Number of protein chains: 2
Amino acid sequence: MTQDSPWLSAAQQQAWRHWIALGTSLPAALNRALQESGLSLSDYDVLVALSEADDRRLRVGDLAARLAWERSRLSHHLRRMEGRGLVAREECTDDGRGAWSVVTAAGLAAIRTAAPAHARLVRELVFDDLTTAELAVLTDVLAGVRRRVES
Amino acid sequence: MTQDSPWLSAAQQQAWRHWIALGTSLPAALNRALQESGLSLSDYDVLVALSEADDRRLRVGDLAARLAWERSRLSHHLRRMEGRGLVAREECTDDGRGAWSVVTAAGLAAIRTAAPAHARLVRELVFDDLTTAELAVLTDVLAGVRRRVES
DNA sequence: CCAACTTAGGTGACACGTCAACTATTCCGC
DNA sequence: GCGGAATAGTTGACGTGTCACCTAAGTTGG
């Protein structure tokens, strides 16, 4: 259990197994619930990011950074969402290489329909039973991990 | 911010965005590192579960439960791992419907090679900077969420 | 000013995960 | 014991994510 050993302590392992298991089961549960609105969890995240942005549009790269997605994943996903009329791409006049991703009226409508039930489920599953102190610790821990992972 | 509104509070949203982003970026980082050993993170999780089991074998359903995977996902994954010689399936004499999943010698060798660097990376990214108290809170929170999600 | 480099984004092939449907076996009530 | 329900596991089709590679446009040093 020394710091030099590569192994996880028993307590760390316990936390890690929950983390790994949730990495599968929580997205699966949210996806199942979102299916009713015809959206996937990925669709939802894209639509939230775009609908919050100025003028409801973001450069593709900025959107990728905000979601912490790889560019190619986002590119594929935008193509599929474009096919379903949820988003559109527009060319960028400032920078000929770039492109804007824009949420359409249909995309806005879809997310407004889906959002309340989704938010409620997230609260039920994750947040409602947490104390303020627990939430603060959780946020700090996640922020720290994220900083290390994304560097 | 009332409990009746479906929306997440600002503090909850902050935690939630980190959670969502990590759900993508942490597995991606671990996968990238594991690639050197020719294993994916999913392979790794399967091999850990099997190599810890009695006689290095588990019923397919028990393995699925332990990993919190859907059965069909595991079935597909075992087929692919079997093709690479990491695991084998054996028929179950007790219950003619069932099947055992077993780690092969090659599978054991692969995970023994991969484990130290993987464990070290998990510790670096997730655990090394946590206090004992933070770890305890994290474990409780994850355990609670998991219980609610998997019911 | 132009060749080398960098950056924005897209594409194709392939591995992965999910859902619905399927086969084979066991369990259970009558 | 036998017919229907439940259980263990697999399969195929399809949407998704990743890697490696590609094109096009901007950037920079000589």
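How far does a polar side-chain atom of A:Ser75 lie from a phosphate oxygen of DNA strand C? Before I answer, please keep in mind that this is a predicted model, in which local features need pLDDT of at least 70 and side-chain atom pairs count only at pLDDT 80 or more, while totals for chains, interfaces and linings use all residues. Residues are numbered from 1 along each chain as its sequence is written, chains are lettered from A and ligands numbered from 1 in the order in which they are written, and side-chain values use heavy atoms, with hydrogens and water left out.

The distance for A:Ser75 is 3.1 Å, and a polar side-chain atom of A:Arg59 is 3.2 Å from a phosphate oxygen of DNA strand C. Helix 4 of chain B gives the largest share, 5 residues.

Let us turn to DNA strand D, which has 22 residues around it, a residue being near a strand if one of its heavy atoms lies within 4 Å of it. Here the side chain of A:Arg73 has an N or O atom 2.9 Å from a phosphate oxygen, whereas B:Gly61 uses a backbone N or O atom, at 2.6 Å. For DNA strand D, the largest share of the surface, 5 residues, comes from helix 4 of chain A.

Conventions. Polar contact = N/O pair within 3.5 Å; in protein donor to acceptor, adjacent residues only side chain to side chain. Helix = DSSP H or I, 4+ residues; strand = E, 2+ residues; numbered from the N terminus.
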